[in-house]
Amino acid sequence: MNGANAGAGGEPPLVYEAWKGNNVFFLRGRFIFGPDARSLFVTMFLIIAPVSIFCVFVAKGLMNDFSYGLGLPVMVAAVVFTAYDMSLLLLTSARDPGIIPRNAHPPEPEGFEGNAEVGANQTPPLRLPRVKDVVVNGITVKTKYCDTCMLYRPPRCSHCSICNNCVERFDHHCPWVGQCIGLRNYRFFYMFVFSTTLLCLYVFGFCWVYIIKIRDAEQITIWKAMAKTPASIALVVYTFIAVWFVGGLSVFHLYLMSTNQTTYENFRYRYDQRANPYNRGVVENIKEIFFTPIPVSRNNFGARVPQEQGLRPRSTNGFMSPNMGRAVGDIEMGRKPVAWDEPRMAAEIGDLGGLGNLLEDKDGRFRNVSPDLSRDALAVGGLDEQGSSAMNPPRTSWGVEAGR
């Protein structure tokens, strides 16, 4: 649903058409899903199918077999509650979870890399600091630089490798809803999980009501009454198993909300062993989740891509990523570190071989540059001393040649 084609008449493409994340869009960017949005159909089936069986075999049986008028209200309540549950599921999965737009170019470097080895006539490469310190409620919090989005992540933000986006107040990526859970949809996620727990308890309870009414009406044992309604037994077993999952998840997230933690923070930082800068007390924490306005999305997916984003990147002579020359890994999503070794760097700047033919000597004639670039020359993005007078470090850490 998303691409990079320009609009009609040479107009720039819409934001969702040029989107670099792995998301799937519908209705011209009005609905945004994760790349695993198909799992929604599985989740919907696991909820709608048992409720349908409940309405046909249990609620209808209560309405037909007994004169209490109990069956119709039970059936209507089940249908309405299921529709409410589905609406919460779509509110969770079909909205922007709090994606931070990528920068078109890296931020301005703040200083020179002191330990870089350069030639006598070369400018030392610039390197952005890997982390920055931010004070939150009197406690220092470190914010990391994201090479993919070319920005410093705000506090509580993390990059999801599944959706390939930086998400504010990142909690986790939920495969059951096919979306990241973050600042703008966490409220609906918890309401969906909790309402699903209540729906399981509702079906479980009225299945037992139906079994007991059969036992009392026919004056038989509970086992014979259960044998007369196998649909009720299947639903009792199904909801009993399901409630342990969704119920346990509801309790766990209730604890997280009361202490103002995210799932990622709970597993990564363990605030029981260190101060939590976001904890403001149980009441205030709960109010922050349910009673504060949801921030407006930072992305207008139906708008045109700004013209400046289509321009060539500015020259970043001698610029180096904070991760250049170090092991790089997506710690948040559990990726293995990858070393910036010689084969990888050669692959990243493979197009420099053709650039060597364009270098001129002192007489104005073109000369070739040896393709054998040393590790030290690659680390600073430049050539050796013989080629340094003709060319400054030509490539940034994002694969963009300087001056292009």
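Colleague: What share of the contacts with a separation of 6 or more is between residues 24 or more positions apart?
Modeller: In the protein chain that share is 61%, where a contact means heavy atoms within 4.5 Å. Keep in mind that this is a predicted model, in which local features need pLDDT of at least 70 and side-chain atom pairs count only at pLDDT 80 or more, while totals for chains, interfaces and linings use all residues. Residues are numbered from 1 along each chain as its sequence is written, and side-chain values use heavy atoms, with hydrogens and water left out.

Colleague: How many helices and strands are there?
Modeller: The protein chain has 11 helices and 12 strands. Both are DSSP runs numbered from the N terminus: helices are H or I with at least four residues, strands are E with at least two.

Colleague: And how much of the chain is buried?
Modeller: Of its 404 residues, 42% count as buried. Buried is under 20% relative accessible area, exposed is over 50%, and partly exposed is in between, using a 1.4 Å probe and protein chains only.

Colleague: Helix packing next. At what angle do α2 and α3 pack?
Modeller: Helix α2 (residues 71–93) and helix α3 (residues 186–218) pack at about 160 degrees, with axes 9 Å apart. That makes α2 roughly antiparallel to α3. The axes are lines fitted to C-alpha atoms, for helices over the stretch in contact, and the angles run from 0 to 180 degrees between N-to-C directions. Under 35 degrees counts as roughly parallel, over 145 as roughly antiparallel, 65 to 115 as roughly perpendicular, and the rest as oblique.

Colleague: Which residues make that contact?
Modeller: Among them are V74, F81 and L88 of α2, and F189, F192 and L199 of α3. By class the contact residues of α2 with α3 are 17 nonpolar, four polar and one charged. Nonpolar covers Ala, Val, Leu, Ile, Met, Phe, Trp, Tyr, Cys and Pro; Asp, Glu, Lys and Arg are charged; the others, Gly among them, are polar.

Colleague: What about α5 and α7?
Modeller: The axes of α5 and helix α7 (residues 282–290) come within 7 Å and cross at roughly 110 degrees. So α5 is roughly perpendicular to α7. On the α5 side the contact is made by M257, S258 and T259, and on the α7 side by V282, N285, I286, I289 and F290. That contact has five nonpolar, three polar and no charged residues.

Colleague: Which residue does E265 pair with?
Modeller: E265 pairs with R156, the closest N and O atoms being 2.8 Å apart. The pair links distant parts of the chain, 109 residues apart: E265 is in helix α6 (residues 263–268), and R156 is in the loop between β7 (151–152) and β8 (158–160).

Colleague: Are those two buried or exposed?
Modeller: Both E265 and R156 are buried. By contrast, K142 and D133 are both exposed; their salt bridge has its closest N and O atoms 3.1 Å apart.

Methods:
A salt bridge is a side-chain nitrogen of Lys or Arg within 4 Å of a carboxyl oxygen of Asp or Glu.
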